[in-house]
Each structure stands twice: as C-alpha cells, then as structure tokens.
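Thank you all for making the time this morning.

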Amino acid sequence: MLTFDLHYHANIHGLRKSARLERLRRHRLCLASSGVDVVASTEHSYKKPRQSYLHLADACQGLLLSILPGVECISREGVDLIFLYPEENLLEKARRTFAAYSWTTGDAGQLARDTGGLLIVPHPFGLGTACAGNILSPLDYARLLDAADYVEIHNGAALLSSLLLKKSGSGFFPGFAGRCQANSCLPVYLRGDGLGWSIGSDAHFPGEQYVVGGVEADAFEGPYSLLVRKVRFEPVWVQAPPDRISERVRSVVMSGQCAAREGVVKRLGKLGGLGEGYLKQGFLRHTLRELWAARRMERGM
Ligand SMILES: [Fe+2]
C-alpha cells in the first residue's frame with residue numbers, strides 16, 4: 001500500500017531563519033515518523049509556494065518520501081483550488097501564467113492542463129471562506145468538478161473539530177457540525193462523476209497528519225504518473241488523534257488562528273483589486289483596522 005497526502009503546508013513563509021529551520025526540522029521528524037510515501041507541498045499562492053516546496057524537499061532529503069510541487073491558489077470568486085505538478089519548473093510556469101484572483105473557477109481546468117498540472121478541489125464544504133461548495137452555485141460547483149481531476153473527500157484539518165463536536169454534542173452548532181463532518185468526509189453525492197478522490201491532511205504545523213490516502217499499486221510508476229490515473233484513495237490512519245480533549249482543543253485553536261490570519265489576507269485580497277502583489281507584502285503587516293476599512297469599502301460606506 002502506498003500512501004499519499006495531497007494537501008500539506010510547510011507554513012514557513014514570514015518566519016525568521018532560526019524558526020524556519022526549526023519548523024522544517026520538525027516537519028522532517030514528523031514525516032519520517034508517519035512514513036507517508038508521497039506528500040504534495042500545496043502552499044498558498046501568497047506564501048511563496050515554490051520556495052516552500054524547495055525548503056521542504058531539502059529538509060526531507062534522505063527520507064523514503066517523494067514531495068510533489070503544488071500551490072493552493074485563490075480564484076476571482078474567492079475559491080481555493082490546488083494545482084499539482086510533476087516538476088518544480090512547471091510550478092514556476094504556473095506562477096507566471098496565473099496569479100491569485102486573476103482567473104475564475106470556470107478557467108481552472110484549462111489552466112491546469114495548459115500548465116501541465118492536475119486540478120484538485122480541496123475541502124469543498126469546509127469551514128473557511130474559500131471553499132467551492134460554499135461560494136459557487138450548485139451548477140458552477142458541478143461544472144468545476146467536471147473540469148477537475150480530484151475532489152478532496154477527507155480533509156484532516158476538519159477532523160479534530162469534528163471529533164470534538166461529536167464528543168461535546170453537536171446539537172448546539174448543527175450548521176457548523178454539519179460542515180465539519182462534510183469536510184472530514186464528503187458525502188458521495190457531492191463528489192461528482194469520474195473524478196479521483198484525494199485525501200489531504202491540510203496540515204499547517206508538523207505532526208498534524210492523521211489520515212492520508214492509501215492505494216494498492218503493483219508496479220509503482222512514479223507518484224505523478226499514478227495520480228494522472230485519477231486514483232480513488234482509501235483513508236489510511238498514520239497517527240491516532242490526541243486522546244486528551246485539551247490537546248485536541250490546542251491543535252484546533254492553533255490551526256484556527258492560522259486559518260483566521262489566512263482568511264484576513266484572502267478577504268483583503270478579494271477587495272478593491274488589491275491582487276497578489278498586495279498579498280505578497282505579508283499578512284502580519286495588515287491590521288484588523290485595515291480589514292474593517294476594507295469591509296466598509298465593500299459595503300459602500
Ligand atoms: Fe490548505
């Protein structure tokens with residue numbers, strides 16, 4: 001059985017060198033421990049995905065692990081999609097071909113094909129603000145799936161939230177719980193026809209890999225060639241979720257903070273044609289005051 005994690009963030013952008021090296025060291029330790037065969041480095045487009053891939057690949061040299069270059073890029077409608085490539089130079093070509101907010105979900109399939117990549121629809125009904133199923137009409141969601149190679153059927157980032165809600169009783173938050181559960185296990189009727197089924201940890205910190213995709217492969221022709229065949233991955237657990245509720249809460253809070261900061265950047269980028277150049281300035285410099293001003297602009301106040 002070969003295992004693939006098709007949604008992974010090194011999350012090193014903006015860190016000082018010492019912190020970056022420490023995070024990469026921990027990525028290496030955790031990936032060696034999980035024993036996953038293939039990891040797709042899918043950093044957000046405004047967090048230097050090529051450099052993230054290169055750093056992660058460098059940090060993991062010597063492990064029995066293949067790392068594929070990719071990017072999680074945001075469309076004009078505000079939908080995050082993953083573009084995955086067999087080689088770093090194609091990721092670079094993609095960066096030059098389409099920037100964040102410069103394309104629509106209707107273009108995505110053609111963009112992936114033109115740049116030699118595969119298109120994955122991640123967390124279609126996730127909790128974040130950039131999920132295809134939450135933003136697009138049912139018809140546009142179906143069209144996007146028709147053009148895509150994979151739909152993500154299990155998203156690890158939703159897993160702990162989903163477990164916490166089950167533990168605490170989800171009756172108080174039926175909408176939230178429902179989305180958590182759809183995100184951690186996408187219902188079959190929302191998976192489209194003829195797509196591969198991807199599974200991704202969506203880890204933003206080392207050690208956040210719990211469930212990944214497994215496939216039986218007799219002759220392993222290389223990870224990307226295998227992926228081109230639109231594999232329907234089965235869930236494989238590489239680590240049990242933390243037993244203690246406090247540890248689960250801590251992990252959910254850390255991921256939530258990271259997702260909230262990313263959400264602020266996406267929100268700002270979506271408004272007023274701020275574009276990728278603005279995003280590249282780094283989200284830490286953007287204050288909540290700016291977000292508030294942007295919201296006022298959007299409402300025409
Ligand atoms: Fe992600």
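When I speak of helices and strands, I mean DSSP runs, helices being H or I over at least four residues and strands being E over at least two, numbered from the N terminus. What you are looking at is a predicted model, in which local features need pLDDT of at least 70 and side-chain atom pairs count only at pLDDT 80 or more, while totals for chains, interfaces and linings use all residues. Residues are numbered from 1 along each chain as its sequence is written.

On that basis, the chain has 12 helices and 9 strands. Of its 301 residues, 42% count as buried, where buried means that 20 or more other C-beta atoms, placed from the backbone, lie within 10 Å of the residue's own.

Let me turn to the sheet. It is an open sheet of 9 strands in the order S7-S6-S5-S4-S3-S2-S1-S8-S9, with mixed pairing, and two strands are said to pair if DSSP finds at least two bridges between them. Strand S7 (196–200) and strand S9 (234–237) stand at the edges with a single partner strand each, so one side of each has no neighbour in the sheet. On average, and ignoring direction, neighbouring strands are turned by 35 degrees against each other.

Please follow S6 (residues 150–155) for a moment, where 6 of its 6 residues are buried. S6 pairs with S5 (residues 118–121) in the parallel sense over 2 bridges, and 5 bridges join S6 to S7, again running parallel. Val151 is the bridge partner of Val121, and Val151 also has Trp197 in S7 as a bridge partner.

Now to the helices. At what angle do H1 and H2 pack? Helix H1 (residues 17–34) and helix H2 (residues 49–59) pack at about 55 degrees, with their axes 9 Å apart, the axes being lines fitted to C-alpha atoms, for helices over the stretch in contact, and angles running from 0 to 180 degrees between N-to-C directions. The two helices are therefore oblique to each other, since angles under 35 degrees count as roughly parallel, over 145 as roughly antiparallel, 65 to 115 as roughly perpendicular and the rest as oblique.

Leu24, His27 and Arg28 in H1 meet His55, Leu56 and Ala59 in H2, and a contact here means that the C-beta atoms, placed from the backbone, lie within 7 Å. The buried residues of H2, among them Pro49, Ser52 and Tyr53, pack against H1, strand S2 (38–44), S3 and H3. Helix H3 (residues 88–97), in turn, lies across strand S3 (66–74) and strand S4 (80–84), running at about 10 degrees to S3.

I will finish with Ser34, which is found in helix H1. Is Ser34 buried or exposed? Ser34 is buried, because 20 other C-beta atoms lie within 10 Å. Leaving aside its neighbours within four places in sequence, Ser34 is in contact with Gln209, Val238 and Gln239. Ser34 and Val238 are 204 residues apart in sequence, yet 5.5 Å apart in space, C-alpha to C-alpha.

Methods:
Two residues are in contact if their C-beta atoms, placed from the backbone, lie within 7 Å. A residue is buried if 20 or more other C-beta atoms lie within 10 Å of its own, exposed if 12 or fewer, and partly exposed in between; C-beta atoms are placed from the backbone.
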